[in-house]
Amino acid sequence: MSYLVPARRESRRFLNPVPTEVGGLSVMFKIGPEFFLGSKARSPKHQLGPFKTDPRIFDELTRTGLRVTWFGHASSLVELDGIRILIDPVWEERASPTTWSGPKRFFAPTLPLEQLPPIDVVLISHDHYDHLGAGTMRTLANLPATRSARWIAPLGVGSILEEMGLDRARCRELDWMDTVHAGPIAITALPARHFSGRSLFNRMQTLWASFALIGPTRRVYYGADSGEWSGFEEIGARFGPFDLTMLEIGASNPLWAQIHMGPEGAVRSFRALGSSGLLMPIHWGLFDLALHHWRQPIEYMFAVENLKLWSPAPGQPAEVIKGDELRSNWWKPEASSP
(Lines give C-alpha, C1' and ligand atoms only; values in the text may rest on other atoms or scores of the structure.)
Protein backbone atom coordinates (compact mmCIF):
# COMPACT_ATOMS: atom_id res chain seq x y z
CA MET A 1 0.00 0.00 0.00
CA SER A 2 1.27 3.44 -0.90
CA TYR A 3 0.82 6.32 1.52
CA LEU A 4 1.63 8.85 -1.18
CA VAL A 5 -1.80 9.50 -2.68
CA PRO A 6 -4.00 12.59 -3.17
CA ALA A 7 -5.88 13.91 -0.17
CA ARG A 8 -9.28 12.52 0.78
CA ARG A 9 -12.28 14.38 2.21
CA GLU A 10 -15.28 13.68 4.35
CA SER A 11 -17.86 16.28 3.46
CA ARG A 12 -15.98 19.62 3.57
CA ARG A 13 -13.12 18.37 5.74
CA PHE A 14 -9.81 17.02 4.51
CA LEU A 15 -8.50 13.87 6.15
CA ASN A 16 -5.03 13.03 7.41
CA PRO A 17 -3.08 10.32 5.62
CA VAL A 18 -3.48 8.08 8.70
CA PRO A 19 -6.06 8.21 11.52
CA THR A 20 -5.26 11.23 13.70
CA GLU A 21 -6.68 12.89 16.80
CA VAL A 22 -6.35 16.65 16.42
CA GLY A 23 -7.76 17.64 19.81
CA GLY A 24 -9.91 20.59 20.77
CA LEU A 25 -11.38 22.21 23.85
CA SER A 26 -10.71 19.12 25.97
CA VAL A 27 -6.96 19.52 25.36
CA MET A 28 -7.16 23.20 26.30
CA PHE A 29 -8.76 22.29 29.63
CA LYS A 30 -6.04 19.72 30.31
CA ILE A 31 -3.17 22.12 29.68
CA GLY A 32 -4.82 25.11 31.37
CA PRO A 33 -3.29 24.68 34.86
CA GLU A 34 0.22 24.15 33.53
CA PHE A 35 -0.17 26.98 31.03
CA PHE A 36 -1.10 29.51 33.68
CA LEU A 37 0.78 28.11 36.69
CA GLY A 38 3.77 26.32 35.14
CA SER A 39 7.24 27.57 36.00
CA LYS A 40 9.12 26.66 32.83
CA ALA A 41 10.66 29.55 30.90
CA ARG A 42 8.60 29.16 27.75
CA SER A 43 9.91 32.51 26.49
CA PRO A 44 13.33 34.16 26.94
CA LYS A 45 13.54 36.46 29.95
CA HIS A 46 15.16 39.16 27.83
CA GLN A 47 14.78 40.28 24.23
CA LEU A 48 16.96 38.22 21.91
CA GLY A 49 19.11 39.68 19.19
CA PRO A 50 19.10 41.86 17.31
CA PHE A 51 19.82 39.48 14.46
CA LYS A 52 20.45 41.08 11.08
CA THR A 53 20.50 39.81 7.51
CA ASP A 54 22.85 41.63 5.17
CA PRO A 55 20.86 41.86 1.91
CA ARG A 56 24.07 42.38 -0.08
CA ILE A 57 24.81 38.68 0.32
CA PHE A 58 21.96 37.91 -2.08
CA ASP A 59 23.77 39.80 -4.84
CA GLU A 60 26.09 36.80 -5.11
CA LEU A 61 24.82 33.46 -6.33
CA THR A 62 25.16 30.47 -4.06
CA ARG A 63 28.44 28.60 -4.54
CA THR A 64 27.05 25.17 -3.67
CA GLY A 65 23.62 25.20 -5.32
CA LEU A 66 21.91 25.44 -1.93
CA ARG A 67 21.88 28.35 0.49
CA VAL A 68 19.31 28.84 3.25
CA THR A 69 18.41 31.83 5.40
CA TRP A 70 16.37 30.88 8.46
CA PHE A 71 14.30 33.81 9.75
CA GLY A 72 13.01 31.92 12.80
CA HIS A 73 10.28 29.35 13.38
CA ALA A 74 9.31 27.95 9.96
CA SER A 75 10.16 31.00 7.81
CA SER A 76 13.10 30.50 5.47
CA LEU A 77 14.52 31.62 2.17
CA VAL A 78 15.80 28.59 0.26
CA GLU A 79 18.05 29.33 -2.72
CA LEU A 80 18.08 26.09 -4.67
CA ASP A 81 19.85 25.67 -8.01
CA GLY A 82 19.30 29.31 -8.94
CA ILE A 83 15.66 29.58 -7.74
CA ARG A 84 14.69 31.55 -4.62
CA ILE A 85 11.85 30.02 -2.61
CA LEU A 86 10.42 31.97 0.33
CA ILE A 87 8.77 29.48 2.68
CA ASP A 88 5.97 30.23 5.18
CA PRO A 89 6.98 33.86 5.73
CA VAL A 90 5.65 35.40 8.95
CA TRP A 91 6.94 38.86 9.81
CA GLU A 92 4.09 39.62 12.26
CA GLU A 93 4.74 40.65 15.86
CA ARG A 94 2.38 37.89 17.00
CA ALA A 95 1.32 34.50 15.65
CA SER A 96 -2.29 35.37 16.25
CA PRO A 97 -5.47 36.70 14.62
CA THR A 98 -5.02 39.93 16.62
CA THR A 99 -2.19 42.42 17.00
CA TRP A 100 -2.69 42.86 20.75
CA SER A 101 -2.67 39.29 22.10
CA GLY A 102 -1.24 35.90 21.33
CA PRO A 103 2.28 34.45 21.07
CA LYS A 104 4.80 37.26 20.61
CA ARG A 105 8.08 37.08 18.70
CA PHE A 106 11.25 36.44 20.70
CA PHE A 107 13.23 38.64 18.33
CA ALA A 108 12.50 41.20 15.61
CA PRO A 109 12.56 40.27 11.91
CA THR A 110 16.13 40.05 10.70
CA LEU A 111 15.36 41.81 7.42
CA PRO A 112 12.60 44.18 6.33
CA LEU A 113 10.36 42.60 3.72
CA GLU A 114 11.22 45.50 1.43
CA GLN A 115 14.87 44.36 1.40
CA LEU A 116 14.17 40.85 0.18
CA PRO A 117 15.94 39.88 -3.05
CA PRO A 118 13.84 38.96 -6.10
CA ILE A 119 11.73 35.94 -5.16
CA ASP A 120 10.73 33.23 -7.63
CA VAL A 121 8.32 31.27 -5.42
CA VAL A 122 6.36 32.02 -2.25
CA LEU A 123 5.53 28.63 -0.74
CA ILE A 124 2.80 28.24 1.91
CA SER A 125 2.38 24.92 3.74
CA HIS A 126 -0.95 25.61 5.51
CA ASP A 127 -3.12 28.38 6.87
CA HIS A 128 -2.14 28.53 10.57
CA TYR A 129 -1.10 31.93 11.88
CA ASP A 130 2.49 30.92 12.58
CA HIS A 131 2.87 29.98 8.90
CA LEU A 132 0.57 32.45 7.15
CA GLY A 133 0.52 36.03 8.42
CA ALA A 134 -2.05 38.38 6.93
CA GLY A 135 0.10 41.50 7.17
CA THR A 136 3.08 39.73 5.68
CA MET A 137 0.99 38.46 2.78
CA ARG A 138 -0.50 41.88 2.05
CA THR A 139 2.96 43.41 1.91
CA LEU A 140 4.46 40.63 -0.20
CA ALA A 141 1.60 40.78 -2.68
CA ASN A 142 2.68 44.29 -3.67
CA LEU A 143 6.45 44.18 -3.38
CA PRO A 144 8.71 44.63 -6.41
CA ALA A 145 10.71 41.62 -5.15
CA THR A 146 7.71 39.32 -5.58
CA ARG A 147 6.21 40.91 -8.70
CA SER A 148 7.17 37.90 -10.81
CA ALA A 149 6.87 35.28 -8.08
CA ARG A 150 4.65 32.21 -8.28
CA TRP A 151 2.63 31.53 -5.14
CA ILE A 152 2.17 27.87 -4.31
CA ALA A 153 -0.15 26.60 -1.58
CA PRO A 154 -2.30 23.56 -0.72
CA LEU A 155 -5.91 23.29 -1.83
CA GLY A 156 -8.18 26.01 -0.49
CA VAL A 157 -5.43 28.36 0.73
CA GLY A 158 -5.61 30.43 -2.46
CA SER A 159 -8.94 31.90 -1.34
CA ILE A 160 -7.34 33.09 1.91
CA LEU A 161 -4.46 34.66 0.00
CA GLU A 162 -6.94 36.39 -2.30
CA GLU A 163 -8.64 37.93 0.75
CA MET A 164 -5.21 39.24 1.76
CA GLY A 165 -4.75 41.07 -1.52
CA LEU A 166 -3.09 38.53 -3.79
CA ASP A 167 -4.30 38.21 -7.37
CA ARG A 168 -5.77 34.71 -7.40
CA ALA A 169 -4.32 34.09 -10.85
CA ARG A 170 -0.84 34.23 -9.31
CA CYS A 171 -1.51 31.32 -6.94
CA ARG A 172 -1.29 27.65 -7.85
CA GLU A 173 -3.08 25.34 -5.42
CA LEU A 174 -1.75 21.81 -5.07
CA ASP A 175 -3.25 18.56 -3.89
CA TRP A 176 -0.94 15.99 -2.35
CA MET A 177 1.22 14.48 -5.09
CA ASP A 178 0.75 17.43 -7.46
CA THR A 179 3.95 18.85 -8.94
CA VAL A 180 4.67 22.30 -10.30
CA HIS A 181 7.90 23.56 -11.84
CA ALA A 182 9.74 26.81 -11.15
CA GLY A 183 12.59 26.99 -13.62
CA PRO A 184 14.58 23.77 -13.13
CA ILE A 185 13.01 23.06 -9.72
CA ALA A 186 10.20 20.52 -9.28
CA ILE A 187 8.02 21.30 -6.26
CA THR A 188 5.80 18.42 -5.15
CA ALA A 189 3.18 18.72 -2.40
CA LEU A 190 3.29 15.67 -0.15
CA PRO A 191 1.10 14.43 2.70
CA ALA A 192 1.69 15.61 6.25
CA ARG A 193 -0.05 14.60 9.49
CA HIS A 194 -1.48 17.85 10.76
CA PHE A 195 -4.59 19.99 10.31
CA SER A 196 -5.70 23.45 9.19
CA GLY A 197 -8.02 26.27 10.15
CA ARG A 198 -7.72 29.87 11.25
CA SER A 199 -10.42 29.37 13.91
CA LEU A 200 -12.08 26.52 15.79
CA PHE A 201 -14.97 26.70 13.32
CA ASN A 202 -13.21 26.03 9.99
CA ARG A 203 -10.79 23.26 10.87
CA MET A 204 -9.63 20.93 8.09
CA GLN A 205 -11.43 22.87 5.35
CA THR A 206 -8.18 23.77 3.59
CA LEU A 207 -5.36 21.32 2.94
CA TRP A 208 -1.94 21.17 4.63
CA ALA A 209 1.21 19.74 3.07
CA SER A 210 4.91 19.08 3.20
CA PHE A 211 7.05 19.59 0.09
CA ALA A 212 9.86 17.98 -1.87
CA LEU A 213 12.00 20.60 -3.65
CA ILE A 214 13.99 18.80 -6.34
CA GLY A 215 16.63 20.61 -8.35
CA PRO A 216 19.15 19.41 -10.93
CA THR A 217 21.91 19.13 -8.31
CA ARG A 218 20.35 19.49 -4.82
CA ARG A 219 17.24 18.16 -3.02
CA VAL A 220 15.36 19.56 -0.02
CA TYR A 221 12.48 18.15 2.01
CA TYR A 222 10.38 20.72 3.88
CA GLY A 223 8.36 18.83 6.47
CA ALA A 224 6.31 21.85 7.60
CA ASP A 225 4.05 20.84 10.53
CA SER A 226 3.50 17.14 11.04
CA GLY A 227 3.30 14.40 13.57
CA GLU A 228 5.21 11.21 13.00
CA TRP A 229 3.61 8.86 10.52
CA SER A 230 4.37 5.82 8.43
CA GLY A 231 4.76 7.65 5.11
CA PHE A 232 8.21 9.13 5.74
CA GLU A 233 10.06 6.03 4.58
CA GLU A 234 8.23 6.11 1.25
CA ILE A 235 8.86 9.85 0.84
CA GLY A 236 12.58 9.29 1.36
CA ALA A 237 12.65 6.38 -1.07
CA ARG A 238 10.74 8.15 -3.84
CA PHE A 239 12.05 11.71 -3.56
CA GLY A 240 15.37 11.44 -1.74
CA PRO A 241 18.14 11.28 -0.94
CA PHE A 242 17.81 14.80 0.42
CA ASP A 243 20.70 17.19 0.95
CA LEU A 244 18.69 19.03 3.60
CA THR A 245 15.67 17.82 5.57
CA MET A 246 13.73 20.54 7.42
CA LEU A 247 11.70 19.08 10.30
CA GLU A 248 9.81 20.69 13.15
CA ILE A 249 11.07 20.28 16.71
CA GLY A 250 9.12 22.84 18.75
CA ALA A 251 5.56 23.43 19.96
CA SER A 252 5.29 19.78 20.97
CA ASN A 253 3.52 18.02 23.82
CA PRO A 254 2.40 14.43 24.43
CA LEU A 255 -1.21 15.62 24.25
CA TRP A 256 -0.81 16.59 20.61
CA ALA A 257 2.04 14.30 19.53
CA GLN A 258 -0.01 13.06 16.58
CA ILE A 259 0.18 16.47 14.89
CA HIS A 260 3.55 17.83 16.18
CA MET A 261 6.45 15.37 16.22
CA GLY A 262 8.73 17.23 18.64
CA PRO A 263 12.51 16.77 18.81
CA GLU A 264 12.43 13.04 19.54
CA GLY A 265 10.02 12.50 16.66
CA ALA A 266 12.16 14.63 14.36
CA VAL A 267 15.14 12.37 14.95
CA ARG A 268 13.07 9.25 14.26
CA SER A 269 11.43 10.84 11.21
CA PHE A 270 14.79 11.92 9.79
CA ARG A 271 15.99 8.35 10.09
CA ALA A 272 12.80 7.04 8.47
CA LEU A 273 13.38 9.45 5.57
CA GLY A 274 16.77 7.82 5.03
CA SER A 275 19.12 9.86 7.27
CA SER A 276 20.67 11.35 4.15
CA GLY A 277 22.28 14.76 4.15
CA LEU A 278 21.68 17.17 7.00
CA LEU A 279 18.78 17.73 9.39
CA MET A 280 17.65 21.33 9.85
CA PRO A 281 15.47 21.87 12.94
CA ILE A 282 12.61 24.31 12.31
CA HIS A 283 9.46 25.44 14.11
CA TRP A 284 11.26 26.60 17.25
CA GLY A 285 13.01 29.61 18.76
CA LEU A 286 10.55 32.38 17.85
CA PHE A 287 7.09 31.88 19.40
CA ASP A 288 5.78 30.37 22.64
CA LEU A 289 3.37 27.77 21.29
CA ALA A 290 3.66 24.97 23.87
CA LEU A 291 4.54 24.24 27.51
CA HIS A 292 8.21 23.31 27.24
CA HIS A 293 11.20 25.54 28.02
CA TRP A 294 11.94 27.50 24.87
CA ARG A 295 15.44 26.01 24.53
CA GLN A 296 14.44 22.40 25.27
CA PRO A 297 13.89 21.26 21.66
CA ILE A 298 17.26 22.45 20.36
CA GLU A 299 19.09 21.25 23.49
CA TYR A 300 17.72 17.79 22.83
CA MET A 301 18.83 17.88 19.19
CA PHE A 302 22.36 18.98 20.07
CA ALA A 303 22.67 16.10 22.55
CA VAL A 304 21.77 13.34 20.06
CA GLU A 305 24.83 11.38 18.99
CA ASN A 306 25.64 10.67 15.36
CA LEU A 307 23.13 13.21 14.06
CA LYS A 308 24.19 15.49 11.21
CA LEU A 309 22.66 18.84 12.19
CA TRP A 310 22.43 22.04 10.18
CA SER A 311 21.18 24.74 12.54
CA PRO A 312 22.15 28.32 11.59
CA ALA A 313 21.70 31.54 13.55
CA PRO A 314 18.59 33.56 12.68
CA GLY A 315 18.95 35.66 9.57
CA GLN A 316 22.37 34.36 8.52
CA PRO A 317 22.45 33.12 4.90
CA ALA A 318 24.53 29.96 4.91
CA GLU A 319 25.68 27.55 2.23
CA VAL A 320 24.60 23.95 2.72
CA ILE A 321 27.78 21.97 2.12
CA LYS A 322 27.42 18.22 1.78
CA GLY A 323 28.46 16.50 4.98
CA ASP A 324 29.35 19.69 6.86
CA GLU A 325 27.37 20.33 10.01
CA LEU A 326 26.39 23.81 11.17
CA ARG A 327 25.62 24.20 14.87
CA SER A 328 25.10 27.82 15.86
CA ASN A 329 25.08 28.49 19.61
CA TRP A 330 23.01 31.68 19.41
CA TRP A 331 20.35 30.17 21.70
CA LYS A 332 22.71 29.18 24.52
CA PRO A 333 22.56 31.21 27.77
CA GLU A 334 26.12 32.48 27.42
CA ALA A 335 25.32 33.68 23.89
CA SER A 336 21.82 35.07 24.35
CA SER A 337 21.68 35.85 28.09
CA PRO A 338 17.91 35.20 28.36
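A salt bridge here is a side-chain nitrogen of Lys or Arg within 4 Å of a carboxyl oxygen of Asp or Glu. Side chains of opposite charge can pair when their charged atoms come close. With that in hand, welcome to this predicted model, in which 14 salt bridges are found.

Let's begin with the sheet, as some of those salt bridges will bring us back to it. Seven strands make up an open sheet with mixed pairing, and their order is β8-β7-β6-β5-β4-β3-β16. The edges are taken by β8 (171-174) and β16 (318-319); each has a single partner strand, so one side of each lacks a neighbour in the sheet. At the β8 end, strand β7 (residues 150-154) runs parallel to β8 and is joined to it by 4 bridges. If you look along this pair, you will find isoleucine 152 opposite arginine 172 in β8.

Arginine 67 forms a salt bridge with glutamate 79, where the closest N and O atoms are 2.7 Å apart. Because arginine 67 sits in strand β3 (residues 66-72) and glutamate 79 in strand β4 (residues 75-80), this pair ties together parts that are 12 residues apart in sequence. Both residues, arginine 67 and glutamate 79, are buried.

Arginine 67 also forms a salt bridge with glutamate 319, with 3.9 Å between the closest N and O atoms. Glutamate 319 belongs to strand β16 and arginine 67 to strand β3, so here the parts tied together are 252 residues apart in sequence. Glutamate 319 is buried, as is arginine 67.

Another salt bridge joins the side chains of glutamate 299 and arginine 295, at 3.7 Å from N to O. How accessible are the two partners? Glutamate 299 has 36% relative accessibility and so counts as partly exposed, while arginine 295, at 12%, counts as buried.

Our last stop is proline 263, which has its place in helix α5 (residues 262-272). Proline 263 has a relative accessible area of 1%, so it is buried. Which residues does proline 263 touch, leaving aside those up to four places away in sequence? They are Ile249, Ser252, Gln296, Pro297, Tyr300 and Met301.

Conventions: Residues numbered from 1 in each chain as written. Predicted model: local features only at pLDDT ≥ 70, side-chain atom pairs only at ≥ 80, totals over all residues. Heavy atoms only, no water. Pairing = 2+ DSSP bridges. Helix = DSSP H or I, 4+ residues; strand = E, 2+ residues; numbered from the N terminus. Buried < 20%, exposed > 50% of the residue type's maximum accessible area, 1.4 Å probe, protein only. Contact = heavy atoms within 4.5 Å.
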